[in-house]
Amino acid sequence: MATIKFNSTLRTSIIQLIADSINAGTGTGYIEIYSGTQPSSPQVLVTNQVKLSTLTFSDPCGLVSTGTLTFSDITRDNTADNSGTATWARVFNADNVAVCDLDITDDLGTGAIKLDNIYIIQGMPILLNSMVIRLG
């Protein structure tokens, strides 16, 4: 895979577009956590995956600086929908439009989202301590 590096102004502009997409609509964006195989793009509907949890972003979702979107507080899900191994997540805006998909790993992995425990148990609370999207 080729490595592409953008200047800081362009990186920040692209990340701002992502933040604006998440902040679009009336209300707050949210993130759904799934088990199973991640679809090929956010436009592909979820069919064989199991939704484990939904967490809500702040409005606006976070702050953009030098090619990085650092999310503000994310409201925890007090009761997970289902049990399973978290493998990926989908970010939506307030109008329920999918913005992006992110892979999930444990704290030692290289996923875009790192959870201290990827094994979700139905009915248990789920919390994302922090979330950052960075364009290199």
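This is a predicted model: local features need pLDDT of at least 70, side-chain atom pairs count only at pLDDT 80 or more; totals for chains, interfaces and linings use all residues.
Guide: Residues are numbered from 1 along each chain as its sequence is written, and side-chain values use heavy atoms, with hydrogens and water left out.

Visitor: How many aromatic pairs does the structure hold, and what makes the pair of Tyr30 and Phe92 stacked?

Guide: There are 3 aromatic pairs. Rings of Phe, Tyr and Trp (its six-membered ring) pair if their centres lie within 6.5 Å, and planes under 30 degrees apart count as stacked, over 60 as edge-to-face and the rest as tilted. The ring centres of Tyr30 and Phe92 lie 4.9 Å apart with their planes at 10°, so this pair is stacked. It links distant parts of the chain, with Tyr30 in strand β1 (residues 30–35) and Phe92 in strand β7 (residues 88–92), 62 residues apart.

Visitor: Why is the pair of Tyr34 and Trp88 called stacked?

Guide: The planes of Tyr34 and Trp88 are at 10° and their ring centres 4.6 Å apart, so this pair is stacked. Tyr34 is in strand β1 and Trp88 in strand β7, 54 residues apart.

Visitor: Why does Trp88 count as buried, and why does Phe6 count as partly exposed?

Guide: Buried means under 20% relative accessible area, exposed over 50%, and partly exposed in between (1.4 Å probe, protein chains only). Trp88 has 0% relative accessibility and therefore counts as buried, whereas Phe6, at 31%, counts as partly exposed.

How values were computed
Helices (H or I, at least four residues) and strands (E, at least two) are DSSP runs, numbered from the N terminus.
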